[in-house]
Amino acid sequence: MAKSGFLTEAKARGFVFQCTDEAAMDEALAAGAVRGYIGFDPTGNSLHVGHMVQIMLLRLLQKHGHQPIALLGGGTAKIGDPSFREEARQLMTDAQIAENIAGIRRNIEPFLTFGDGPSDAIMANNADWLDKLGYIELLREVGPHFSISRMLAFDSVKSRLDREQGLTFLEFNYSILQSYDFRELNRRHGVNLQMGGSDQWGNIVSGVDLVRRTDAKQVFGLTAPLITTASGAKMGKTAKGAVWLTAERLSPFDYWQFWRNTEDADVGRFLRLFTDLPLDEAARLEVLQGAEINEAKKILATAATTLAHGPAAAQAAAETARLAFEEGAAAASLPSVTLPFADLESGIPAFAILVAAGLAATNGEARRLIRGGGARVNDVPVTEEAQIVSLGDMRDGALKLSAGRKQHRLVRAGG
């Protein structure tokens with residue numbers, strides 16, 4: 001049984017996979033405020049649901065009176081994390097990195113409280129120190145503390161070499177720089193805990209070891225497990241791509257729908273990991289059966305969307321879903337697309353309009369959807385693949401397209 005509130009709840013919610021020295025870390029967490037960080041490399045202008053475990057870990061750390069630090073990798077992004085990647089990332093320009101950092105800041109800010117208080121979160125950027133390093137000086141200072149044989153034994157490196165994909169020397173430096181980040185944050189902010197996904201274990205252990213060797217201090221590492229769905233799918237990935245946290249890339253309604261579509265077997269686990277719902281309430285909801293489990297999924301969807309997009313957007317998404325799914329209404333806030341007026345005036349085959357609306361990726365997929373009885377126009381099943389959909393099908397300036405019971409679009413006519 002852990003002594004600290006953070007570690008106790010982190011274990012109960014399923015966040016803990018490995019710790020470098022669990023007993024000593026627990027003592028430190030119980031003795032007073034700890035500063036802990038997680039790094040986010042700005043490889044895109046938005047985080048996605050696959051990053052949510054790390055964000056929620058920082059949120060939980062703050063809940064228990066500790067100080068969370070979100071480290072944005074403006075410096076390491078110039079190399080790229082090679083962990084479990086099949087090939088090297090394309091190098092980004094400084095402008096791309098700056099744009100991505102701005103987007104990720106907006107993703108993280110709703111989940112944490114920032115300010116000047118002792119447990120208020122800090123947003124840091126490792127470019128502040130990495131950009132100033134002299135390469136020779138860095139190698140002379142920290143290079144002797146890294147064993148090549150040990151680095152080659154990292155799972156993330158071995159998996160790349162085993163596939164004969166190769167690993168550039170540029171990427172090989174990543175572990176050294178991430179370890180340097182930990183020491184720099186310890187020196188600047190007193191950070192003594194690094195957290196991350198299980199794929200970061202080797203890098204985190206290297207950072208703990210560097211601080212011990214160079215500064216004679218004990219710091220700690222904690223990793224969370226890789227989260228997959230009950231069916232084995234990677235968390236945060238769908239047939240249509242990543243589940244983004246940025247509203248411009250994925251609407252709050254579609255974000256709500258992602259959580260609403262959770263598999264029955266995952267409801268309790270996801271309530272514990274991705275919401276602030278009390279543990280006893282999550283336990284009550286996860287054992288519901290039949291139609292009642294759908295109510296638990298709605299609670300999960302609304303709670304998760306509230307954290308990412310705010311209560312107003314979450315409630316609007318829930319109400320839109322209720323109107324669309326329970327009452328069959330073409331709610332105005334459903335995701336919409338605008339197609340050329342001339343095309344709709346002359347008419348578009350049903351399979352083609354499904355693709356144009358984003359409800360099918362290819363004509364073949366759309367045809368299969370229609371043959372399987374899963375396509376509807378204004379809630380009426382489409383029976384012919386080439387059935388013409390036109391302006392005459394519009395109701396109040398829009399027509400409602402559906403793929404299955406859970407994917408809907410409003411189609412409007414534009415110039």
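The model is predicted, so local features need pLDDT of at least 70 and side-chain atom pairs count only at pLDDT 80 or more, while totals for chains, interfaces and linings use all residues. Residues are numbered from 1 along each chain as its sequence is written, and side-chain values use heavy atoms, with hydrogens and water left out. Helices (H or I, at least four residues) and strands (E, at least two) are DSSP runs, numbered from the N terminus.

**Helix H10**

Helix H10 covers residues 174-189 and has 16 residues. From its first C-alpha to its last it reaches 22 Å, close to the 22 Å expected at 1.5 Å a residue; the expected span is 1.5 Å times one less than the number of residues. Of the 16 residues, 13 are buried. Buried means under 20% relative accessible area, exposed over 50%, and partly exposed in between, with a 1.4 Å probe and protein chains only. Gln178 lies in H10 and is buried, with a relative accessible area of 7%. Apart from neighbours within four places in sequence, Gln178 is in contact with Tyr37, Gln194, Gln200, Asn203 and Ile204, where contact means heavy atoms within 4.5 Å. Just after H10, Gly190 takes a positive phi of about 70 degrees.

**The sheet around E14**

An open sheet of 5 strands has the order E9-E15-E14-E11-E12, with mixed pairing. Its edge strands, E9 (336-340) and E12 (380-381), each pair on one side only. Two strands pair if DSSP finds at least two bridges between them. The pairings of strand E14 (residues 399-403) are listed below.

E14 and E15 form a hairpin with 3 residues between them. In that turn, Gly404 has a positive phi of about 70 degrees. Because 5 of the 5 residues of E14 are buried, the strand is largely enclosed by the rest of the structure. Leu399, Leu401 and Ala403 point one way from E14, Lys400 and Ser402 point the other way, and all are buried.

**Ile79**

Ile79 lies in the loop between strand E3 (67-72) and helix H4 (94-108). Ile79 is buried, with a relative accessible area of 12%. Ile79 and Asn173 are 94 residues apart in sequence, and their C-alpha atoms are 8.2 Å apart in space.

**Helices H13 and H14**

Helix H13 (residues 267-274) packs with helix H14 (residues 279-286) at an angle of about 160 degrees, and their axes are 8 Å apart. Axes are lines fitted to C-alpha atoms, for helices over the stretch in contact, and angles run from 0 to 180 degrees between N-to-C directions. H13 and H14 are therefore roughly antiparallel to each other, since angles over 145 degrees count as roughly antiparallel, under 35 as roughly parallel, 65 to 115 as roughly perpendicular and the rest as oblique. The contact is made by Gly268, Arg269, Leu271 and Arg272 of H13 and by Leu279, Ala282, Leu285 and Glu286 of H14.
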